[in-house]
Amino acid sequence: MSKYVLGIESSCDDTGVAIIRDDGHIMANLISSQFDEHLEFGGVVPEIAARAHLDHMDRLIHGAMQKSGLAYSDLSAIAATCGPGLIGGVMVGMMAGKAIAAAHKLPFIAVNHLEAHLLTARLTDDAPMPYLCLLVSGGHSQLLIAEDIGTYKRIGTTLDDALGEAFDKTAKMMGLPYPGGPHLQKLAEEYITRCADEGCAPDDIIGRYNLPHPLIHHDNMDFSFSGLKTAMRNHIDKITGQEITTHQAQELAYCFHQAIIGVLNKKVGRAIDYYKTQYGETLEANNIKPSLVIAGGVAANRFIRAALEDLTAGHEMSLIAPPIQLCSDNGAMIAWAGWERFNRGMIDGLDFAARPRWPLDPTAAKRIGAGVKA
Ligand code: KG4
Ligand code: ZN
C-alpha cells in the first residue's frame, strides 16, 4: 500500500503545503507567495511574513488535502520546516504540523529547510549519494557533499552575503522589485537579444563595467559576494544626474551574471576536484556516476544553469537541476525530505524546538562574518 506524507513550508515568504506519495508522485503542491505584502518594503519583513503564513496556512492545508483526495487517516507522517529561517514563520508552519500530527496521532518529522533543498534532486531525479551540491538561495550559498540522509559535509560557504541576497540587493539598487534575481536575469537576456539584433558580441561590454571576482585566487571553496554588490553600487552611482537607462541596466545585469559565473566556475571547479578525489573510490565501487546537484532559488537562473552544465560536462559529471518551481521554496521538498527521513525511522517528538539557525554540517568550522549563512 502506498504511503503519503504531508509537508509544510513557512521559513521565509512562501507558504507551501504539499502531499507526496512514497514513489515521489506529487499529489498536491500548493503555494502562496507574499509578494504584495512585502513589495513596498523592498524585502521580506519577518513580522509581516509570520502573520501572512498564519492567514494562508489553514486554507492551503485544506486545499492540499482536497486536491489529493486523501483523508488524514491515509497519511503516514506530517513533516514541517523547523528551521533555519525567520523564526515567526517557522513557528507557524511547525505548530500547524504538530497540531495535525497530534490530532490524528501521526508521526511528526522536523525538517531542516536546507536538507529539503538538497534532497529535491532525489525527488525529481533519484540522485544517488554521495553527490556534490551547490545550494544557492536568498539566505545561503554553500557547497556540500550529500553523503547520506542526515549526513552532509560542508566544504564551502559564503563569508558575507548569500548569492540570492547579492541578486536582491543589486536589483534593489537598480530600482527593481523584490525578489530581484528573476528581474536581473530578464535584463541580461534582453541584452543578449539586443546584441544578436545588432550583431555584436555580448562580452564586448565586460571591460566597460569592471567587476571583481571575490576570493577567486583563494585556495578554498568559500564565497564572498558583498564586494561584487559594492562594485555594482559604484557603477550605478557613477551614472549620475539621470535615471539609469534600460540599455545600461541590461549591460550591468549581464556583467553581474558574468562575474558570478566566473566565481562559480572557479569555486565549483575546485569542489568537483575535491569530490572526485575524496569520493572517487566509493563512486566507482558502487558504479555511481558523479553528479553535481544545484538547489535553492538561485538555481533557477538560466545563465548559472548553462555555465554549470558546461562545467560538469567538462568533468564528465551529470548536472542535476530540478525544475525551476521546485528550486525555490515549496511544500513538496519538505514533504519529500519528510518521507526520506520517515522511511529511515527518523521521527521527531512534538517537543522539537524551532531553530532559527540549523547548520547541515554541525562539525564545519564557523566562518567569521557568515552569521546564519554558515
Ligand atoms: O530558495 P529560495 O526560494 O528562498 C530561500 O530559501 O532563500 O530563494 C530565493 C532567492 C531570492 O534571492 C531570489 O532573488 C533568487 O532566489 N532567485 C533567483 C532567480 N529566481 C529566484 N536568482 C537569480 N535568478 C533567478 N532566476
Ligand atoms: Zn529556501
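Modeller: In sequence, the residues donating to the zinc ion (ligand 2) follow the spacing H-x3-H-x211-D, where donors are N, O and S atoms within 2.8 Å of the metal (3.2 Å for Na, K and Ca), and sites may look incomplete, as water is not among the atoms. This is a predicted model, in which local features need pLDDT of at least 70 and side-chain atom pairs pLDDT 80 or more, whereas totals for chains, interfaces and linings use all residues. Residues are numbered from 1 along each chain, ligands are numbered from 1 in the order written, and side-chain values use heavy atoms, without hydrogens or water.

Biologist: Which protein donors hold the zinc ion (ligand 2), and how far from it are they?
Modeller: They are H113 (NE2), H117 (NE2) and D329 (OD), at 2.0 to 2.2 Å from the zinc ion.

Biologist: And where do H117 and D329 lie?
Modeller: H117 belongs to helix α4 (residues 113-125) and D329 to the loop between α10 (324-327) and α11 (331-343), so the pair ties together parts 212 residues apart in sequence; helices here are DSSP runs of H or I, at least four residues long, numbered from the N terminus.

Biologist: Is H117 buried or exposed?
Modeller: H117 is buried, with a relative accessible area of 2%, where buried means under 20%, exposed over 50% and partly exposed in between, using a 1.4 Å probe and protein chains only. D329 is buried too, at 13%.

Biologist: New topic: what does L308 touch?
Modeller: Leaving out residues up to four places away in sequence, L308 touches L134, V268, L292, I294 and L319, contact being heavy atoms within 4.5 Å.

Conventions:
Helices (H or I, at least four residues) and strands (E, at least two) are DSSP runs, numbered from the N terminus.
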